[in-house]
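Thanks, everyone. Before we start, please have the sequence and the model open side by side.

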Amino acid sequence: MKKTFLTIFAAMTLMLSSCLTTGLGTTSGTNPTGSVLGSVLGSVLTNVLFGGMTLDQSSLLGSWNYSAPRAAFTTEKALTKAGGNATIANIASSLANNYSNIGINRSNTSFSFLDGNKFSAKVNGIPFNGTYTYNPQNGEIFLKTASETIKGNVTKTEKGMGLMFDSVQMANILQKEGKVSNAAAVQAVSKLAKSANGARVGFELTK
């Protein structure tokens, strides 16, 4: 009986450890880049369907400034297959280097979501605006500018919110809207979103 109890206890411990390292919970974990990511909250986009891990419409409103790079995966399966939260941390670290090369910082990159489904934004100091449609049930957001419609994903983070895009949409944000002239850096950012199936990249924003 004692041996059976110890076996069950060991199995439960292993399951709990697995949950914490694959982003099922909201516990912060150790990663290679230290504070680049912080909490794993929002590291899997499908998790916005559970536990209020996305923002409601009223919480989205306001002015948000860039604070850090952000990465996530579309599903738990995609995250696990890519290597778990360590992979997210590595992507975020590479994003930080490329954002630095582009010149993106808190003072020149921001998003403001207003009543009436209007938004204004700056990326790399270049302003653009338009209207937006947001679905708080799945965290999807569509930014409609004068020239295009950009689909993104919103998640809660420990400090604010994550606004992330696939490789094509991220390139559009940087080049078409932000007029970034450093093509090599933009290409590198886009490749990070393609580096693993289901990856999304973008910004952590805080008020």
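Predicted model: local features only at pLDDT ≥ 70, side-chain atom pairs only at ≥ 80, totals over all residues.

Residues are numbered from 1 along each chain as its sequence is written, and side-chain values use heavy atoms, with hydrogens and water left out.

The largest nonpolar core has 45 residues, and among those with the most contacts inside it are Phe-111, Phe-113 and Ile-141; such a core is a set of buried Ala, Val, Leu, Ile, Met, Phe, Trp, Tyr and Cys residues joined through side-chain atoms within 4.5 Å. Leaving aside neighbours within four places in sequence, Phe-113 is in contact (heavy atoms within 4.5 Å) with residues including Leu-60, Trp-64, Phe-119, Ile-141 and Met-161.

Thr-206 lies in strand S8, residues 199-206, strands being DSSP runs of E with at least two residues, and helices runs of H or I with at least four, numbered from the N terminus. Thr-206 is buried, at 12% relative accessibility, where buried means under 20% relative accessible area, exposed over 50% and partly exposed in between, with a 1.4 Å probe and protein chains only.

Which residues other than glycine have a positive phi? Asn-117, at about 60°, sits in the loop between strands S2 (110-114) and S3 (118-123) and is partly exposed at 34%. Lys-179, at about 50°, is in the loop between helices H5 (167-177) and H6 (183-194), and is exposed at 55%.
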